Structure formats: C-alpha cells, structure tokens
Amino acid sequence: IGYPLMLKAAAGGGGRGIRVVTSDAELTAVFERTRDEAVRAFGSGVVFLERLVTGARHIEVQLICDGSTAWAVGVRDCSVQRRNQKVIEESASPVLDAEQVAELKASAERLAVAVGYAGAGTVEFLYHPGERFFAFLEVNTRLQVEHPITEVVTDTDLVKLQIHVANGGRLDDL
C-alpha cells in the first residue's frame, strides 16, 4: 500500500495504539512500540496496517441488524477530533451529498448482512473530499456514546431495537 501508512492495534480503541509510519527505516521500531502499547492497554499485541489517508473526514454509519437484515439508520461526521478522540458529532455530514450517503449506507448494510451480524453497530469510514473516495476503517460492534445524535436526528430508538434483536426479534417484523 506504500507509505505513509498507519499501524493500529486490532484490539485498540480510544485513540490508543495508533501510529504513523513514513518509511521502511522506521517500520520495525514503530511496529514494536505499537505492539507493546497494545499489549499493555488491550492485552493483545495484534497490529494491522492500513493506508494513511490525510485531509479526510471521519464518517460513521449507524446500523441495527438481526443477522439477515440490516438497517443503516443514520450517518454521522465526527471529523473534529483531538488526539484521535471525537469532539463533535454532526448528523448529517455537511460534506456528503445524498448519493454518497446512500452509497455508504448500502455498503454498511451489505457488510453486516455478509457476516450475519446481529445487534447495533457502527461502520466507520474515512472520506477524502478532494478525491471523492471512501476507505473502510472499522466496525464497532456495540452502541457508541455518540449514538443519541442519530436517535434524535432519525427519531429511532436504537436501544429499543437492540433489545428487540437481542430477544430474537426480526427487523422485518417491525
């Protein structure tokens, strides 16, 4: 994928276990620091790498899924961050048009259905406005602290839906 790239702790979160690598010369040392931090913070030294996308927006798609049906409920833009921690959540994203929102929602739904996911979750992407492309980041398999903005904007009770699914309920029954 070339340089620059990101090394990230697979079990990471909260902005920890993330480092930029700009060359072959620094790869080994950065890998070791990232792995060691991941072990201390998360109990796992598994690290992966991905392309570093600069100048991008951090976009999230909120999902509810029952194992065979997925609803992409809303899209949030959480690009205002400090030290890889979200500071402001916007819904809807001020930089996406309706076609891009539909594309992201459909992509997130396909992912969830493909793996048979059941529950609430968030699929995260980086969006580069200049190049107009999306890069997959991760899936958070839970409700996140920012889920209430989606509930308010979409008038959807995600907690109620999550309990419905957890009790074996189907989304098609609603």
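Modeller: To begin, this is a predicted model, and 37% of the 174 residues of the protein chain count as buried.

Colleague: What makes a residue count as buried or exposed here?

Modeller: The relative accessible area decides: under 20% is buried and over 50% is exposed. Asp77 is a clear case, because its value is 0% and the cut-off for buried is under 20%. Asp77 sits in strand β5.

Colleague: What polar contacts does the side chain of Asp77 make, and why are they called that?

Modeller: One is with the side chain of Arg57, at 3.0 Å. Another, of 2.6 Å, joins the side chains of Asp77 and Ser79.

Colleague: Let's turn to helix α4. How do you know that its buried residues share a side?

Modeller: The buried residues of α4, which spans residues 158-166, are Leu158, Leu161 and Val165. They cover an arc of only 60 degrees around the axis, so they lie on the same side of α4. The face turned away from that buried side carries the exposed residues Lys160 and Ala166.

Colleague: What covers the buried residues of α4?

Modeller: The cover includes strands β4, β5 and β7, together with helix α3.

Colleague: Why is Asp157 called a cap of α4?

Modeller: At the N-terminal end of α4, a side-chain oxygen of Asp157 lies 3.2 Å from the backbone nitrogen of Val159. Polar contacts reach to within 3.5 Å, so 3.2 Å qualifies. Just after α4, Gly168 takes a positive phi of about 90 degrees.

Colleague: Stepping back, what makes the whole chain compact?

Modeller: The protein chain has four helices and eight strands. Its radius of gyration is 17 Å, close to the 16 Å that the globule rule gives for 174 residues, so the chain is as compact as a globular protein of that length. The C-alpha trace spans about 55 × 35 × 30 Å along its principal axes. Among contacts between residues at least 6 apart in sequence, 57% join residues at least 24 apart.

Notes. Residues are numbered from 1 along each chain as its sequence is written. This is a predicted model: local features need pLDDT of at least 70, side-chain atom pairs count only at pLDDT 80 or more; totals for chains, interfaces and linings use all residues. Side-chain values use heavy atoms; hydrogens and water are left out. Buried means under 20% relative accessible area, exposed over 50%, partly exposed in between (1.4 Å probe, protein chains only). Helices (H or I, at least four residues) and strands (E, at least two) are DSSP runs, numbered from the N terminus. The arc is that of the directions from the helix axis to the C-beta atoms. Contact means heavy atoms within 4.5 Å. A polar contact is a pair of N or O atoms within 3.5 Å; within protein, one must be able to donate a hydrogen and the other to accept it, and residues adjacent in sequence count only if both atoms are side-chain atoms. The radius of gyration is taken over C-alpha atoms; the globule rule is 2.2 Å times the number of residues to the power 0.38.
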